[in-house]
Amino acid sequence: MDVFDTIIIGAGSAGCVLAGQLSADKSRRILLLEAGGKDTSPWVHIPIGYGKTFFHPDLNWQYETEAEPALDGRKGYWPRGKVVGGSGAINAMIYARGLPHDFDDWQDAGAAGWNADTVTAAYDAMETHIAVDGTETSPETGSKSGSKSGSKTGMGSMTVQDVSDQTHPINRYFFDAAKELNYPSQNDYNQPPYEGAITYRINTRNGRRNASSRAFLKPALRRSNLTLRVNAQVDRIHFEENRAVAVSYIWRGKRHMVRAKTDIILSAGSIASPTILQRSGIGDGHLLNQHGITPLVDNPNVGAHMQDHLGINYYFKANQPTLNNVLHSWPGRIKLALQYALTRRGPMALSVNQCGGYFRSNPDMMRPDQQIYFNPVTYTTTPAGTRTIINTDPFPGFIIGFSPTRPTSRGQIQIADADPISKPRIMPNSLATNQDCQMVVDGAKLCRAFANTDSMKRLIDAPFYADVSQMSDDMMLDDFRKRSGTVFHPVGTCRMGANAKTAVVDHTMRVFGVDGLRVVDASVFPNITSANTNAPTMMLAWRVAQQMMENR
Ligand SMILES: Cc1cc2nc3c(=O)[nH]c(=O)nc-3n(C[C@H](O)[C@H](O)[C@H](O)COP(=O)(O)OP(=O)(O)OC[C@H]3O[C@@H](n4cnc5c(N)ncnc54)[C@H](O)[C@@H]3O)c2cc1C
């Protein structure tokens with residue numbers, strides 16, 4: 001049997017950061033196991049490839065939730081990355097640190113040492129900021145790099161790019177509308193004062209997605225102490241007494257076993273990490289017994305407390321050209337492809353989500369309660385069938401959408417049986433609280449206010465699918481139940497906290513009740529951050545790796 005010092009399960013956003021950072025210690029032999037394949041598809045690297053990977057069966061787990069009574073009995077489609085880079089290889093690349101109180105709330109929930117100050121220091125060290133002119137700056141030291149490419153000493157590996165010079169001209173209507181509503185415009189929503197209309201910054205470099213696989217893992221794979229094994233789907237973790245010592249996985253149809261001398265780190269993401277724990281005997285005792293698994297640690301917090309952001313889009317036909325005009329026609333696409341090939345710039349180098357920001361739906365709110373998206377494009381997905389794809393509409397259009405920032409409903413993940421290949425039961429339990437329903441109405445009203453500004457009226461030809469300006473509060477909620485969906489941020493299913501009564505891991509990510517096992521991914525968030533979850537996931541992994549290196 002192969003033996004390594006450290007085994008990392010899952011080469012996603014967190015797993016790639018860990019492998020990259022921990023392998024700098026040459027004395028640590030590391031195995032990184034990933035269920036998906038290598039990130040060789042060009043659609044992973046070209047930012048506009050988002051539309052292609054969204055339903056791609058080779059790159060995506062394509063989960064489905066249980067039917068949700070509060071969402072009109074619908075089952076939700078939950079994409080997750082099944083490829084080196086994980087969900088960070090197929091996401092929309094918005095880079096959002098989250099708001100300071102998100103992390104102070106982590107500390108208050110028992111995650112000692114995780115607060116706004118400590119995570120800001122970690123973000124500063126992990127990032128390099130790329131300005132519109134290509135200048136690269138370290139937020140930690142303020143030092144600049146003249147060159148526009150390559151990795152630099154003293155600069156963080158994760159690039160955060162300002163692409164405001166490349167976004168679509170119709171975005172100005174969004175900024176004008178915000179001003180009309182007395183909301184400020186900001187340059188960088190990852191710095192104080194955070195709130196107001198912004199252009200989203202994205203984790204790209206030289207026009208290509210800079211997922212943690214490219215930023216952290218790829219350079220580290222040159223090291224002889226790091227081994228990446230792809231298409232290796234982990235079944236479970238094995239214990240001697242209470243110490244995690246080995247991992248079993250399926251590779252090329254056969255079961256394999258590998259031993260870890262020091263650590264096993266579970267980084268399979270918020271859906272898979274709790275199911276691997278459950279199959280390994282760590283979870284709710286009743287659930288495990290029901291599936292013939294002998295409980296090692298009876299901890300009902302495993303798979304529980306799941307939080308996610310739900311969102312909805314309002315679609316508008318525009319009276320002037322939007323991205324649809326180029327993306328829908330062959331000549332337009334060829335023009336964009338040429339622009340991208342020659343300059344690595346333009347719509348192919350960007351996220352579909354161009355503008356938005358943190359907003360208070362009511363000035364009396366203590367904190368921003370809504371994240372807004374303004375996209376200069378509209379699209380439909382073909383009806384569920386053999387090959388589901390995203391198509392841009394054949395007329396100019398744009399989207400205003402929102403997500404409540406800090407929902408209070410809690411869902412759960414459970415194994416459906418003991419078979420590692422079976423998909424888990426995903427039960428989001430959406431809109432389970434009155435507060436969440438109220439936040440939906442508040443968010444819809446905010447979008448209505450945007451749509452009703454004189455600025456936006458100058459752009460709107462007509463709403464389609466649903467007209468938020470004609471809706472009562474009840475109709476807004478009803479429409480949300482019928483049309484909303486996840487914005488792909490499940491967290492909290494192995495949450496961090498003070499003890500096993502309330503949590504699964506401690507503030508160093510060690511699993512309560514056993515030795516030698518950590519969970520490091522989005523599943524450990526004690527509460528969801530106010531916006532997109534990729535940056536906080538990578539920051540968390542980066543900081544844990546630093547601490548593990550210091551304490552070795
Ligand atoms: C479509 C989409 C759009 C998104 N857009 C954004 C965005 O714009 N900005 C943002 O901040 N966030 C976004 N997110 C969310 C963000 O990408 C995730 O929060 C983040 O990637 C989570 O990282 P993770 O390490 O926890 O899990 P993942 O990155 O999902 O990594 C888990 C890895 O484990 C592997 N794995 C799973 N099970 C096993 C097993 N049994 N054996 C071995 N390997 C296994 C998976 O294949 C995967 O590679 C989006 C997500 C999706 C899906």
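The dialogue below treats a ligand shell, a strand and a helix.

Modeller: This is a predicted model, in which local features need pLDDT of at least 70 and side-chain atom pairs count only at pLDDT 80 or more, while totals for chains, interfaces and linings use all residues. Residues are numbered from 1 along each chain as its sequence is written.

Colleague: Which residues come nearest to the ligand?

Modeller: A residue is near a molecule if its C-beta atom, placed from the backbone, lies within 6 Å of it. The ligand has 42 residues around it, and Gly10, Gly12, Gly86, Asn532 and Asn534 come nearest. By class, the shell holds 19 nonpolar, 19 polar and four charged residues; Ala, Val, Leu, Ile, Met, Phe, Trp, Tyr, Cys and Pro count as nonpolar, Asp, Glu, Lys and Arg as charged, and the others, Gly among them, as polar. The largest share, four residues, comes from helix H8. Helices (H or I, at least four residues) and strands (E, at least two) are DSSP runs, numbered from the N terminus.

Colleague: How many residues of strand S23 are buried?

Modeller: In a regular strand the side chains alternate between the two faces of the sheet. A residue is buried if 20 or more other C-beta atoms lie within 10 Å of its own, the C-beta atoms being placed from the backbone. In S23 (residues 397–404), eight of the eight residues are buried. Gly397, Ile399, Gly401 and Ser403 are on one side, and Phe398, Ile400, Phe402 and Pro404 are on the other.

Colleague: Where is Gly443 placed, and which residues does Gly443 contact?

Modeller: Gly443 lies in helix H12 (residues 434–451) and counts as buried because it has 26 C-beta neighbours inside 10 Å. Contact requires C-beta atoms, placed from the backbone, within 7 Å. Leaving aside neighbours within four places in sequence, Gly443 is in contact with Ser361, Gln370, Phe402 and Pro404.

Colleague: At what angle do H12 and H14 pack?

Modeller: Two packed helices are described by the angle between their axes and the distance between the axes. H12 and H14 (residues 473–483) pack at about 105 degrees, with axes 9 Å apart. They are therefore roughly perpendicular, a term covering 65 to 115 degrees. Their contact has seven nonpolar, no polar and one charged residues.

Terms used
Buried ≥ 20, exposed ≤ 12 C-beta atoms within 10 Å, placed from the backbone. Contact = placed C-beta atoms within 7 Å. Axes fitted to C-alpha atoms, helices over the stretch in contact; angles between N-to-C directions. Parallel < 35°, antiparallel > 145°, perpendicular 65-115°, else oblique.
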